[in-house]
Amino acid sequence: MRALSRLIQGRILLLTICAAGIGGTFQFGYNLSIINAPTSHIQEFTNETWQARTGEPLSDHLVLLVWSIIVSLYPLGGLFGALLAGPLAIMLGRSTSKYCCIGN
């Protein structure tokens, strides 16, 4: 009986690990495709904004550096958004917190 219980627990653990691995990689790949699709547009926007503010464009390696910083901060924005969504929904209610965050 004890061996059967361990066997079942082992199979459940294996299935859980497989589900987490597949689910996690899918979400990671989806997020990468979302942020990488508009790469050229965001880099152009960054360079145009810098040029409008300072009068001279950024060099290519600085545009790439700014883009790298944006991409690396993208998951942190998701983390803080996820951490703040629950308390805002509890304090303000779902509808009010939704409009509060999008500036409506």
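Predicted model: local features only at pLDDT ≥ 70, side-chain atom pairs only at ≥ 80, totals over all residues.
User: How do you know that the span of helix 3 agrees with its number of residues?

Analyst: Helix 3 has 33 residues, and at 1.5 Å a residue they should span 48 Å. Its end C-alpha atoms are 45 Å apart, so the two values agree. Just after helix 3, G93 takes a positive phi of about 90 degrees.

User: What does UniProt list as "transmembrane region", and what is the chain like over residues 64-90?

Analyst: The unreviewed UniProt entry lists residues 12-30 and 64-90 under that name, an annotation that may be inferred rather than shown by experiment. In the model, residues 64-90 are 100% helix and 0% strand, with end C-alpha atoms 40 Å apart.

User: Why is L62 called partly exposed?

Analyst: L62, a residue of helix 3 (residues 60-92), has a relative accessibility of 33%. Buried means under 20% and exposed means over 50%, with partly exposed in between. Since 33% lies between those cut-offs, L62 counts as partly exposed.

User: What makes L62 part of a nonpolar patch, and which residues form that patch with L62?

Analyst: Patch residues need over 30% relative accessible area, and nonpolar side chains are joined within 5 Å. The 33% of L62 is over that cut-off, so L62 passes on accessibility. The patch on the surface is formed by L62, L65, I69, L73, L76, L79, F80 and L83. Together they have about 730 Å² of accessible area.

User: Why is T39 called buried?

Analyst: T39 sits in helix 2 (residues 39-54). Its relative accessible area is 18%, and the cut-off for buried is under 20%, so T39 is buried. In space, T39 and V71 are 9.6 Å apart, C-alpha to C-alpha, although 32 residues separate them in sequence.

User: What does the whole chain look like in secondary structure and burial?

Analyst: The chain has four helices and zero strands, in the pattern α-α-α-α along the sequence. Of its 104 residues, 7% count as buried. The accessible surface comes to about 8,700 Å², with 69% belonging to carbon and sulfur atoms.

Definitions and conventions
Residues numbered from 1 in each chain as written. Heavy atoms only, no water. Patch = residues over 30% accessible without salt bridge, like charges linked within 9 Å, V, L, I, M, F, W, Y side chains within 5 Å. Areas by Shrake-Rupley, 256 points an atom, 1.4 Å probe, with all protein chains shown as cover. Salt bridge = Lys/Arg side-chain N within 4 Å of Asp/Glu carboxyl O. Helix = DSSP H or I, 4+ residues; strand = E, 2+ residues; numbered from the N terminus. Buried < 20%, exposed > 50% of the residue type's maximum accessible area, 1.4 Å probe, protein only. Expected span 1.5 Å × (residues − 1).
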